[in-house]
Amino acid sequence: MNIVENSDNSVPIKAWDTVLFEKYCRFRFVLTQGLSAHSDTLLDRRPYRAGAHVLDVGCGFGDTTRQIARRVGSCGTAIGVDCAPNFVDVAAHEAQDGDVANASFFAADVQADDLRGPYDFLFSRFGTMFFSAPVAALRNMRKALRPGGELAMIVWRRREDNPWVHEAEQCVRKIVPVVSHEETEEVHCGPGPFSMAGADMVSEMLRIAGYDRISFERFDTDICIGRTLDDAVEFAMALGPAGEIIRLAGEAGKARKGEVVAALRQTFAGRLTAEGVKMPSSSWFITARNGLS
Ligand SMILES: C[S@@+](CC[C@H](N)C(=O)[O-])C[C@H]1O[C@@H](n2cnc3c(N)ncnc32)[C@H](O)[C@@H]1O
């Protein structure tokens, strides 16, 4: 299996701390509600014991870090790490104002920096798909785990099983010219949300990085991408692969906005329910053990 690694994460880190941070703030409600359907299930299926020390990788606003902190109790700790200082600042402020004293946060590139281990567990909700060198990142993460400690990460399965972002992407691709990362000076999120969808490839990466007892469990659930059709269209035009196609196209993307809005409204119309626009999503719950001492 040919796994290509490039060690420079500076472009994705800048993207997460600027344009993507702003978009995540704008759509925080939709994202965290939708993503928590996945993480709540994994956290219930594999509960952390009281007193455990857990690192939340790519923690974003720290919602899951605070949740884990409550679960491990006051003798345990939950530490969130994210490459984007803006996310870390929000997470730290909210933890300070909230009900958990055992959650803390720091900024680091998980691929290369010291992760301040050892931890009993590593957790990640959709925070491990954006590394330019995933094997190096998974190895660096493993080194922060105590021997026999467990990694549990949630990543998206293939785009075809994630209509909540893929239907908008298909629609936008027909209208807006696609600009590749190499053709633009704009920052971008790196390999993208589906980079860990292939179970064979990811299990090989984990094996090379020193993990054993690797398992994949599929989890499917609907995500509400907006309370109204207009909200769903706005969401799709800002985030996910469709939002990135529009942003990277620059003026050409802006010029076709009317056409895109009309096409997305038509795409989502059949998905509108009394609770909003609901669409299927599908993730892998991947677990693996630090097989080296
Ligand atoms: C899709 S968001 C998920 C955020 C959060 N886990 C959640 O579920 O709400 C991906 C997160 O991974 C972080 N991230 C991306 N590359 C990273 C890296 N190399 N090191 C640390 N964090 C990274 C981003 O800044 C972002 O907060």
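**Briefing: a ligand shell, its helices and its strands**

The ligand is surrounded by 22 residues, and the closest are Trp16, Gly58, Gly60, Cys83 and Val110; a residue is near a molecule if its C-beta atom, placed from the backbone, lies within 6 Å of it. The model is predicted: local features need pLDDT of at least 70, side-chain atom pairs count only at pLDDT 80 or more, and totals for chains, interfaces and linings use all residues. Residues are numbered from 1 along each chain as its sequence is written.

**Around the ligand**

- By class, the shell holds 12 nonpolar, six polar and four charged residues. Ala, Val, Leu, Ile, Met, Phe, Trp, Tyr, Cys and Pro count as nonpolar, Asp, Glu, Lys and Arg as charged, and the others, Gly among them, as polar.
- At least two shell residues come from each of helix 1 (10-17), helix 3 (28-45) and strand 2 (77-82). Helices (H or I, at least four residues) and strands (E, at least two) are DSSP runs, numbered from the N terminus.

- Pro12, Ile13 and Trp16 of helix 1 are buried. Seen down the axis of helix 1, the buried residues fall within an arc of 100 degrees, so they line one face of the helix. The arc is that of the directions from the helix axis to the C-beta atoms.
- A residue is buried if 20 or more other C-beta atoms lie within 10 Å of its own, exposed if 12 or fewer, and partly exposed in between, with C-beta atoms placed from the backbone.
- The buried residues of helix 1 pack against helix 2; two residues are in contact if their C-beta atoms, placed from the backbone, lie within 7 Å.
- In helix 2 (residues 19-26), the residues Leu20, Phe21 and Tyr24 are buried. Down the axis of helix 2, its buried residues fall within an arc of 105 degrees, so they line one face of the helix. Their cover includes helix 1, helix 3 and helix 5 (85-97).

**Asp63**

- Asp63 belongs to helix 4 (residues 63-72) and is buried, with 21 other C-beta atoms within 10 Å.
- Leaving out residues up to four places away in sequence, Asp63 touches Thr32 and Ser36. Thr32 is 31 residues from Asp63 along the chain, and their C-alpha atoms are separated by 7.8 Å.

**Strands**

- Strand 2 and strand 3 (residues 103-107) run parallel and are joined by five bridges; two strands pair if DSSP finds at least two bridges between them. Right-handed means that, with the strands pointing away from the viewer, the path from the first strand over the helix to the second runs clockwise.
- Strand 4 (residues 119-125) pairs with strand 5 in the parallel sense over six bridges. The chain goes from strand 4 through helix 6 (residues 134-143) to strand 5, and this crossover is right-handed.
- Strand 5 also runs antiparallel to strand 8 (residues 276-290), with seven bridges joining them.
- Ile154 in strand 5 stands opposite Arg125 and also opposite Phe285 in strand 8.
- Nine of the 12 residues of strand 5 (residues 145-156) are buried, so strand 5 is largely enclosed by the rest of the structure.

**Backbone exceptions**

- Most residues other than glycine have a negative phi, and most peptide bonds are trans.
- The peptide bond from Gly117 to Pro118 is cis, with omega near 5 degrees. Pro118 is in the loop between strand 3 and strand 4.
- Phe126, not a glycine, has a positive phi of about 55 degrees.
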